[in-house]
Structure formats: C-alpha cells, structure tokens
Amino acid sequence: MNYIYPEYEVVRNHSRCITCRACENQCANNVHSYVECENRMESNDDACVNCHRCVTICPTRALKIAKTDHVFRENANWTGKTINEIYKQAQSGGVLLSSMGNPENYPVYFDKILINASQVTNPSIDPLREPMETRVFLGSKSHDIVRDAAGKIVTETTPQLDLSIPVMFSAMSYGSISYNAHESLAKAAQKLGIYYNTGEGGLHEDFYKYSKNTIVQVASGRFGVHKDYLTAAAAIEIKMGQGAKPGIGGHLPGTKIIGDVSRTRMIPEGSDAISPAPHHDIYSIEDLRQLVFSLKEATDYKKPVIVKIAAVHNVTAIASGVVRSGADMIAIDGFRGGTGAAPTKIRDNVGIPIELALASVDKRLRDEGIRDKVSLIVGGSIRSSSDIVKAIALGADCVYIGSAALIAMGCHLCRNCQSGKCNWGIATQMPELVKRLNPAIAYQRLVNLISAWRHEIKEMMGGMGINSIESLKGNRLMLRGVGLNEKELSILGIYHAGE
Amino acid sequence: MHFKEGEVRIPSGCAILGVIDKSRKRFSGEDMIRAITVMHERGNGLGGGFAGYGIYPEYKDYYAFHVFYDDASIKKQCELFLDEHFDIINLSKIPTRKMSEIKDEPLIWRYFLAPHPTKLKSSQLDEREFVAKSVFKINTTIKGAYVFSSGKNMGVFKAVGYPEDVGRFYKLEEYEGYCFTAHGRYPTNTPGWWGGAHPFALLDYSVVHNGEISSYDANRRCIEMYGYKCTLLTDTEVITYIVDYLHRKKGLDFKEIASVIAAPFWNTIVNYPDEERKKCEYLRNAFASLLITGPFSIIIGCQDGMVALNDRLKLRPMVVAEKGDKVFVSTEECAIRVIEPNLDRIWAPKGGEAVIIKLEDERL
C-alpha cells in the first residue's frame, strides 16, 4: 500500500488536447500515457515531479500542474510534509534525499535590505552616457610598492583572475550535470569574460579549449585530478564544503559513472563515486596550508587557489585561518546553496545564511587587517542583479551562481536531480535526455541573463553615483535594512531604513 | 537636537581655493580672504577655513599643533599627554578677533612640539608616524580635545561661519606663507562643531574638498584597516588619510596617487603605452578600494607643494591659472581674478587629471 498521495496533479484540458502524445514522449518519469480505445491521454500523478516539461512542450496549452487540495486533518505541529516524510522513511528505511537549495521558510536577508540612490547633493550617473565599470580582479592584493633601480614600480603580482563582471558559474560536476550543460556554461563563460567551475567531476577532454575560463576543483574524492587538469585551469578550487550539505561528502551512484563520465573522473565504469566528508589529508588548518602549497608548487605559482567552505556557525574563524593558509580567494557557500543530491535534513537544517556569513567574514578579515590578502566569492543563493549589488556592498568581491544559471538553461526547480531523469537535459546522463539541451541555445540564454544583469547592476550603480564596482565593494552605507532587529543589523553592519 | 560631526554623515557643497608661489615667496593671507569672499554664495555660513604653508619659519623644525578644547580642564588633561610625549618648545593661545559673526568659540591653542627622544625611540616608530599616532590618540581618547592641525611650518585655521569671517577672526592677514588653501562650506545639516569645518589636516597634508563621494564607506572601511580611524564621517577626512597612506607610507608620488584615487577608466588604460598601462593596471588593482567615485574637486596641500584633482567625470567645477611663479586653483575663476586680474594662462583640467605644482627644489 502506498501511503503517499501525490503532491501535484496533472490537469489536462481534454477539449484542447489533440492527443499528439508529445507529453508522453517527453516525460522520462512516464507520467503520461495514451489510452487508445478512448483516444485520450491519461496521467499518473504519482510519477509527476512537477518539472513543467510537458506543460511547456504541449502545443495547445492543454496541460497545467496544480497543487493537490487533498489534505490531512489540520495540525500546526504535524504538517502534511512531515507526515509524508515519516511514511517514506517507514517504508524505505533510508535517508531522505533532495536536490537544489534549501526551500524552507527561513529569512532571506537580501529581501530585507534596500539600496541607496543619489538625490540633489550628488548626481546620479547615466550608464548609457557615461562609462560604468564592472571589471574586477580576484586574487591576493599587496600594498607593498617595490621599485626597481630606476624607481619604476615593479608590476608583477600574484596570479589574478580578470572578470568583466563579478559573477562566476559555481561548481557543478560533469556527472551531476550533463555534457551539454557543461559545454553551455563553458562557452558562456568564455563569451562573457568570466569563469565557470568544473566541480569535482574532472574536466572533459573536449572542454580543455575553454580552460582559460575554467576553474578546476580539487575535492575530497580527488576525481579527475591530474597534472594537465591543474595546469590547464585559470584557477584551482579546493572544495572543503558545500552550503547545501556542510560537513558531509558526496555520492554519485555507479549508474551515472558511465562512458565519458567514468573516464573524466578517472574511476571504473559502474563504481560509485564517493567523496568523503573530510579530505583525508586535511584534518586541521595546517594540513590545508600544505594542500594549498602543493597545488601552487604543482602549477609553478601561476594559478590562484580558491578554498571553498560552507557557511557554518564558526565561518569567521575558519575564513581567517584559510587566509593564513595561503589561499588567494575564499568561496563561501550559504545554506541555500544548491546541490545535485543531499540528505534533506542536512540541506534544510545545517549552515547559516550567506548574507550573515559574508558580513561577518568581511568584518573579521578587516578587523584583522588581512581582507586585502584574499578575495571573497559568495554563493548560495544569488538570484538576481540586486542580490549581487547587495552582496558586493556587504563586502563580496564576486558571486557564484549555480541555480540561477541552471534556471536560465531551462531548469524548473522541480528538485529531483538525484533521480538522474532530468527532463530538461541538465541533471542527467541519459543520452536521449541530454540531447534536449542544445548548447548553442543554452549558452545564449546564459549570456543573455548575465548581460541583462550587467545592465541592471550598472543602472543601480549609476543611481548611487558610483561608476566603478570597486567603489561599491564593502560600501555598506549604500544599504539599509527593513524589518530587521538590532542584532541582525549589527551583524550585517548596516543601518535601518530611516536612519 | 543637533548632531556633532562624526555622529551623522553630512554631505556638503563647497567653494575651494588654493594659491601657491613656486619660488617660495611668501604672501599675506589677506588675499585669500578677499578671494574667497566672492564665492560667498557657495557656502552657507556653516563652515570655513584656511591652511597656510610656510607661516611658521621661526619654528619650522617643530610640529605645530592647533587644538580646540571644550574647556580648561580638558586642556590640562591634553597638555599632560603632550608633555609626556613631546618637548613643548612653545605654547600660546591662537590670536583671534572678537566679532559678532563668529560665535561659540572653543579654547584655541597652538603648540610647537618635538617628539620626546626616549618616547620616540621606545615606540619603534618613525617620527612622523609617532606624531600621527599621538594625534589619533588625543582625538579619540580625550573627549573635548581636538587636534586639527599637526604639520611642520604650516597651520590650519577653521571655524563655523563664512570663510571670510573665519579669516578675519583668525587675523589671517597677519600670516605670511608661500601657499594657502581655503574652504567655504555648504553642509546639508547643521553641525555645531568647529572640528567639522575644513581644511582637514594630518601632519603636513591638508585637504579642501568640494563634493560628495559615493565611494565613502568603501574607502573608509579600507583605510581603517591600515591604522586610521575615521571619526568625523566626512569625505575630506577619509581623502586626507588616503593621501597620507599612499604618499607618506607607500611612497607613491602624486601622479601615481591620482591614478589610484581618480584612476583612468579601463578602456582608457588599455590604450596606454605598454609600461604606463602595466603601471596603471597594477595600481588600480592593488588599491582598488581606494578609488574615489562621485563628484569631487580637491586641493591637497603638503610640504612639497600643492595638488589639484577632479573626479574622473569632472562632476565639480575647478579651474587652474598661472601668473609668473604663482599658481591658482579655484572652484570659480572670479576668485582668482580678485587676486590677479591679469593671468598668463587659465584652464579647466580634465577629470582625473592631477595638476601637480612643485615648489622649487622639491620632489613631489
């Protein structure tokens, strides 16, 4: 007996349906079927994940998905969601799995922060008439001026990343997402003058041509790591943690380790790819320093090293330690960060909001006088150009976007990546699904999104009278809180609106 | 209730003026009063001031501290500190003239100081850093005492009022120097405190500024990492600290400083000759958070000369003129014409283009 009543129902307008069977053909979950004797379509709501593939593809707009009005007896403590989770676990004996970012109703601080604009005393600047700069360099900055014998400033620096706009595509491995999705991200990064991140799945041999715009990841499983991989990249990221699942590792099931995925990860076909929770050569901060410098040695000190950590309670002290371990950049991933698969209870209950983590880390590093030694990249989750402006004004150098990039490519946030049956061809390795994602189109959509955001960022900067994004970084006077308490305002380092 | 400077951020519009004689020929402060008078409309009577260079030749080897005190007991407390850290060579009230336009004056004292040799040695700081640290110490820990001038052979004179009244109040016509700057202020709030008037000065660096910088908090939070404490929340204060940091501590010359604080646009830099391009990229990247955006025109005075600089979009007026050895910088041309009707040359420098006026025999 199945205790679970479907959460969503497929609503079909039979007067519009022409039984073309496109929905049936497109649904990898086998929701739709054709009843020949009645010449009509039928649906199995149990299998529906609410990904909207059929809704979008239906030529007569005959389909929509509705939330069921089937309910449990009302109970403020025992919600339907909680009851269903117990049913599932009582049935399976397993850990609840989920994908994408934490959907629960925690405060989104970005939505309680407002941005300033100039009036009278200071002119706003029109980005259509005046230069408006969004270029940034990421890496360790030194204020030590060295001059040669002739008195000229020596201009060599530690390796830097040069971005036309402070946005990068965050780590999503080949394996968790498809070949076509990776190609789209790589091409878009190249076109935009930014960077994408391989995640821990290695770098497919076809994508070395994008390596100037590629950040390669070294994670606890060390999948796909070899000398050429490291030297090809623009930067190397050591993944210590992920916002969606701080403190735990990863698991790509053997069913997805096929063909190129297996070769790129450098593990046998069909074997599970288990990334351990910690790096087993890093049990303390001094061990991290050794890995940072091992990677720098291996690449002749030509590649900046990023250390990615999840936003956890002690993030300020951890970040401070990471700076002192020789990292050039720290990526902090907030508790709303996405994932291809994570235990639901961890995703939804572990970690802290990125806004608070960012504000605290930026402040701590400034208090210790080491903020310029490192660039701060934040993600988890950045949803819009205004989130970016707020993150930069709080103190970030750059943002990582993952979910937003997937959504631009067609993801509908159905949060079933772990099934591997992504109908949009993104989070799947099934060839017939992968081919649905056309890299030429998906890449253009990514370029469009970032270009649109760039316009919006420039308009907001111009409104503030700022014509270079450097002058927005850490400029917290440009922000005000609404509906936040004293403690929240003090952690964010901003005033309340009206002050 | 009126907030003091530092308790609230107050943007201002302003008039600025600077005159320098490159041959170090000294002239009277009287000219400055006459010239700033014609820009009366650019201030609103809530702040005015002057900085004079070369005004204390007889004490040129000593740091001249100008200090505001709220009352005599605070003066005593501050003098204990000064006595402990410096040899006090001379001290006196700064001469002023009673006038109805200038009200609520604090006690205004001047000290000529030499750092106490053993204190200086045990601090392990160079002399100027020792003096700067002492100024910060007084201004942040002795409530009611405020050192508003601390350079050698130079001094700042400022008050709440129109600048021409402030000049007469301080008897500026009795001072002779080879360089003066002046400021008339139009704040959008009502500061009741003299320390908030301009010029702002640290050691021999003084800044007068017209504008409201939009990069303020980015600049403030950056410079505070390097031992500065912004207590006034004014643009002029943070600009002065940036200049002090880049010039005194980092050894950049003023052309290099201009390419940090009013950096050329990236699409301009890319067309520079190779060497210049690399240098500008380097400086802009290394000191990214010290880029100043938003409207400003500033005149920086220092021991070696005077520098005038506009923001890179030139969102505030500023003209420069020459006559013989004299160079003039002003918000409005009319102020220059008051002093010198027949100029050799007058021009409006481009946004971001530093005009650097060196004294003879000085490197800048």
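**Contact between the two domains of chain A**

Between domain 1 of chain A and domain 2 of chain A, 5 residue pairs are in polar contact, both residues being at pLDDT 80 or more (a pair of N or O atoms within 3.5 Å; within protein, one must be able to donate a hydrogen and the other to accept it, and residues adjacent in sequence count only if both atoms are side-chain atoms). On the domain 1 side, helix H1 (22–26), helix H2 (53–57) and helix H3 (80–92) of chain A each give two or more residues (helices are DSSP runs of H or I, at least four residues, numbered from the N terminus). The model is predicted, so local features need pLDDT of at least 70 and side-chain atom pairs pLDDT 80 or more, while totals for chains, interfaces and linings use all residues. Residues are numbered from 1 along each chain as its sequence is written, chains are lettered from A and ligands numbered from 1 in the order written, and side-chain values use heavy atoms, without hydrogens and water.

The domain assignment, automatic or from a database, gives domain 1 (8–94) and domain 2 (136–496). Their centres, taken over C-alpha atoms, are 35 Å apart. The contact (heavy atoms within 4.5 Å) takes 13 residues from domain 1 and 10 residues from domain 2.

About 1000 Å² is buried between the domains, 49% of it on carbon and sulfur atoms (accessible area, 1.4 Å probe, that two parts lose on being put together, summed over both). Ala28(A), Cys51(A) and Arg53(A) supply 47% of the area that domain 1 buries against domain 2, more than any other three residues.

The count of salt bridges between the domains is 1 (a side-chain nitrogen of Lys or Arg within 4 Å of a carboxyl oxygen of Asp or Glu).
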